[in-house]
Amino acid sequence: MKVINVVAARPNFMKVAPVAAEMRKHPEIEQRLVHTGQHYSAGLSGDFLRHLGLPEPDINLEVGSASHAVQTAEVMKRFEPVLTQEKPDLVLVVGDVNSTLAAAVTAVKLHVPVAHVEAGLRSFDRTMPEEINRLLTDQISDFLFTTEPSAERNLRAEGIPSERIHFVGNTMIDTLLAQRAVLDVDATLARYKVERHAYALLTLHRPSNVDTPEALGEVLDALAALDEAVRKTDVGGTFRMLFPIHPRTEKNLEAFGLTARAEGIAGLVLLPPLAYGDFLGLMSAAGVVLTDSGGIQEETTVLGVPCLTLRENTERPITLQQGTNVLVGRDVPRIVEHGLAALTGDRPTPRRPDLWDGRAAERIVDILLLRT
Ligand code: UD1
């Protein structure tokens, strides 16, 4: 069986790495790694490939950044000849980025079966580009590998036959559990000069939070209010909010003239995007995580770290039901209340939702070997 695994953007690498590693154990699987080039900066791409043990991609489509239509179209144009030449038996895509949809459509039109890892998640918010990518990729995929029970319900409601749906667990958590075992958290905390449970970790890149001056300004208001409130507590003196800043957010802070305002928040420490190991180390010992990422909501659930999600909805409801996740939007009092509670209250218990056990990739490969 010849498989093309597709990666494109930062959150894809940790989802594909365990699947590629599992495939390597089976000599009957020949695999190629195609990188679409959607993310190209070392801090968002190359460093992750190396750290997670993925090989150098066999092919890089080098699409780079562009508008949604152009980026999606470029992946399609450049991926089609790869498929014609390589003639794979299967294309495996992960997550919900533009390249996920583009690679899936291109493969299906050439009658190449598609496997979608992390299928069925729905925020029911069609203003999110990822929601459109998820809906369309799932409709045309042959194998829908799901991470949580809500995904199967969503897919069934959209008319997807149940024989295509396979509840396998979470390959991103496979990576987290494997990498956590080799982390030196204390060394990481010392390097970033923070104390266990006495700092916040922040990530922010959703267009809805960072693409207008109003939204980004509201986020800064919330951070300033939280910083001020924490300073009045026992945690106060050493409190830091570490903010590894996504290039999209950094560009917009600058463009909207908000950089000085961010720098004016006493505890806020702006950092470049971090390597996976450093980020995981910082996340596992954080007092609280503030984020608009999808994957971080899941990772904090497993690590038992309070997570405030700066969104009005989540496509990962299991993190609300079983995990540490709370939706806070950009509501300043809510962020201050939950942030303070996380930093000064008892630590939540780490939870592993069903099948988030480090063996999702193994299940995926077993199913593929059986069915193709
Ligand atoms: C993309 C995904 C999003 C995912 C996120 C993770 C889509 C629609 N969005 O959003 O789902 O959560 O990746 O990071 O697919 N840039 C760089 N270096 C890079 C890549 C981008 O500097 O390697 C800058 C460029 O200025 C670019 C901007 O970041 O215009 C945004 O990049 P883009 O890939 O369009 O979207 P993300 O916000 O990263």
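Trainee: What should I know about the model before reading its values?

Mentor: The model is predicted, with local features needing pLDDT of at least 70 and side-chain atom pairs counting only at pLDDT 80 or more, while totals for chains, interfaces and linings use all residues. Residues are numbered from 1 along each chain as its sequence is written, and side-chain values use heavy atoms, with hydrogens and water left out.

Trainee: What makes Arg134 and Glu315 a salt bridge?

Mentor: The rule asks for a side-chain nitrogen of Lys or Arg within 4 Å of a carboxyl oxygen of Asp or Glu; the closest N and O atoms of Arg134 and Glu315 are 3.6 Å apart, so the pair qualifies.

Trainee: How do you know how much area domain 1 and domain 2 bury between them?

Mentor: Domain bounds come from an automatic or database domain assignment, which gives domain 1 (2-170 + 355-371) and domain 2 (184-344). Buried area is the accessible area (1.4 Å probe) that two parts lose on being put together, summed over both, and here the value is about 1700 Å², 60% of it on carbon and sulfur atoms. With contact meaning heavy atoms within 4.5 Å, 23 residues of domain 1 touch 18 residues of domain 2.

Trainee: Why is the lining of the largest cavity described as having no charged residues?

Mentor: Asp, Glu, Lys and Arg count as charged, whereas the lining consists of Val6, Val7, Ala8, Asn12, Val93, Val94, Val97, Ser99 and Thr100, which therefore divide into six nonpolar, three polar and no charged.

Methods:
On a 1 Å grid over the protein atoms alone, a cavity is a set of points where a 1.4 Å probe fits but cannot get out, and a pocket is an open set with protein on both sides within 12 Å along at least five of seven lines; lining residues have an atom within 4 Å of a point.
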